[in-house]
Amino acid sequence: MKITKIDVIEAVVPFDDGSGTPIHTSGKWTTLDMVLVRLETDTGLVGWGECFAYSCRTAVAAAARDMVAPLVQGRDLPEQPEALTLELQQRLHIFGRYGIAMFAISGFDIALWDLAAQVRSVPLHALLGSARESLTAYASLVRYGDVSLVDKHCRDAVREGYRYVKLHEIDPEVIRAGRAACGPDIGISVDVNCAWTPEVARARIGVLREVNAQWVEEPVFPPEDIRNQAALNCDFPVGAGENACTRHEFARMVEAKAVTFAQPSVIKVGGISEFMAAAQVAQSHGVAVMPHSPYFGPGYFATLHVSSVLTGEPLFEHLYVRPHADIALGGTPLPKEGRVRVPQAVGLGFSLDMQAIKPFRV
C-alpha cells in the first residue's frame with residue numbers, strides 16, 4: 001500500500017470567547033489557524049493529521065508542503081508509523097529539531113497513525129493500549145484579564161458540569177476571582193504562558209496556594225529554563241511541556257524534576273509517536289501526563305485517543321470558546337457534564353467536512 005496523494009489544507013476559523021471582542025481585533029487571539037494534512041493511499045484510504053499553526057500558519061504549511069511531503073509521497077505505508085517519523089526527523093534535523101519543522105512532522109505522523117489503524121479496522125487507541133471510553137474534561141478559559149469576565153465564564157463552566165477549570169491569568173486579583181466564582185470544590189489550574197520572571201513566580205506561590213491551584217503552568221520565561229522551573233517545582237506543582245518537542249526534551253525536564261505534570265501537545269511534540277514516547281518517559285518516573293490540547297481538528301481527536309490510554313487520571317483540555325464552524329464531518333465529540341467520549345470509529349474517527357470549512361479555507 002503506497003501513499004499516492006498528499007494535500008496540505010490551510011484554514012482560519014474565527015471563534016467567540018464571550019468577551020465581546022471583534023474577530024479582527026489587533027493583538028487579540030480570535031481565530032484558530034489550522035494546517036491539516038490529508039494522506040491518500042493507492043487503495044483509497046484517507047488519513048488525517050494536524051500541524052500546530054497558531055500565528056505561524058503560512059510557515060508551517062510551507063514546511064509541510066516543501067520539506068515533509070516530498071519525503072512521504074510515494075512511500076509504502078509503514079506498519080509502524082514511528083519508523084517513518086523518525087526517518088523524517090533525521091532527514092530534516094538540519095532545519096531545527098524543535099518548532100516549525102516538528103510541527104509539520106507532527107501532522108504527518110498523526111495521519112500515518114490514522115491510516116495504520118484503518119488498515120487494521122480498529123480505532124486508533126486500540127494500537128496504543130487499553131483505553132477508557134470517556135475522559136474527564138476541564139474548561140480551559142482564554143486570558144481575559146478582567147474580573148467580571150472570569151467570574152462569568154467560571155460560573156458558566158461550573159453550571160455546565162465541569163469539575164475542573166484552567167485560568168490563563170497572571171493578575172492575582174483575577175486569579176482570586178476565578179476561585180471565588182468556581183467555589184471551593186472545583187479543581188483550578190493557572191496557566192501563565194511564560195509571563196513571569198522566576199522572582200515574580202516565587203512571589204506568586206502564595207496566591208496559588210491561597211486559591212488551592214492544582215498546578216501552575218509554564219510559570220517562567222523561557223520555557224526551556226528547567227533550572228528555575230525545577231526550583232519552583234520543589235515548592236509548588238509545575239505543569240509544562242506544550243512548547244517541548246520530542247521525547248528528549250521531556251526526558252531532560254523529568255530527570256531535572258522540573259515538572260509534576262508533563263504536558264505534551266500531540267500536534268507540536270512530533271505527533272502520536274513522540275507523544276507516546278514522551279508519556280512513557282514521564283510515567284516511568286512517576287510524573288503525571290496532562291496533555292495540552294486547545295484544538296478543534298484532528299489534533300483534538302488524536303488527543304482523545306492518546307489520553308485514553310494514559311495511566312492515572314488524565315484530564316482532557318477543552319478550549320472554552322465557540323468556533324464559528326465544526327469542521328469534523330459528523331461532529332466533534334464535545335464535553336457534556338464535564339465528560340467527553342473517546343471516538344470508537346475506525347482510525348482517528350475524523351473526516352473533514354468540506355462544506356463546513358469551505359468559507360474559512362485559505
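Two residues are taken to be in contact when heavy atoms of the pair lie within 4.5 Å. The model described here is predicted.

On this criterion, and with neighbours within four places in sequence left aside, Glu10 touches Met34, Val35, Arg57, Thr58, Ala61, Arg65, Phe360, Arg361 and Val362. Glu10 is a residue of strand S1, which spans residues 3-16. The relative accessibility of Glu10 is 10%, so this residue counts as buried, the limit for that class being under 20%. One of the residues in contact with Glu10 is Arg65, and the side chains of Glu10 and Arg65 are joined by a polar contact of 2.9 Å.

Strand S4 covers residues 134-140, and six of its seven residues are buried; the strand is therefore largely enclosed by the rest of the structure. S4 pairs with strand S13 (residues 339-341) in the antiparallel sense, through three bridges. Within S13, Val340 is the residue opposite Leu135. With strand S11 (residues 315-319), S4 forms five bridges, and the pairing is parallel. Here Ala139 has His318 as its bridge partner. A parallel pairing of two bridges also links S4 to strand S5, residues 164-167. Ala139 takes part in this pairing, standing opposite Val165 of S5.

Leu149 is a residue of helix H4. Outside the four places on either side in sequence, Leu149 is in contact with Gly18, Ser19 and Tyr144. Leu149 and Asp7 are separated by 142 residues in sequence, and their C-alpha atoms are 40 Å apart in space.

Strand S7 (residues 213-217) has four buried residues out of five, and is therefore largely enclosed by the rest of the structure. S7 is joined in parallel to strand S6 (residues 187-191) by three bridges. In this pairing Glu217 of S7 stands opposite Asp191. S6 and S7, together with helix H6 (residues 198-210), make up a right-handed β-α-β unit. S7 also pairs with strand S8 (residues 238-240), again in the parallel sense, over two bridges. Glu217 has Gly239 as its bridge partner in S8. A right-handed β-α-β unit is formed here too, from S7, helix H7 (residues 226-233) and S8.

The largest nonpolar core contains 119 residues, of which Leu39, Phe108 and Ile272 touch the most other members. The most residues in this core come from helix H3 (residues 100-119), which supplies eleven. Beyond its neighbours within four places in sequence, Phe108 is in contact with Ile6, Val37, Leu39, Ala64, Val68, Ala69 and Val72. Another core, of five residues, lies apart from the largest one and includes Tyr138, Trp215, Phe261 and Leu315.

Technical notes:
Residues numbered from 1 in each chain as written. Predicted model: local features only at pLDDT ≥ 70, side-chain atom pairs only at ≥ 80, totals over all residues. Heavy atoms only, no water. Buried < 20%, exposed > 50% of the residue type's maximum accessible area, 1.4 Å probe, protein only. Polar contact = N/O pair within 3.5 Å; in protein donor to acceptor, adjacent residues only side chain to side chain. Pairing = 2+ DSSP bridges. Core = buried A, V, L, I, M, F, W, Y, C linked by side-chain atoms within 4.5 Å. Right-handed = clockwise from strand over helix to strand, strands pointing away.
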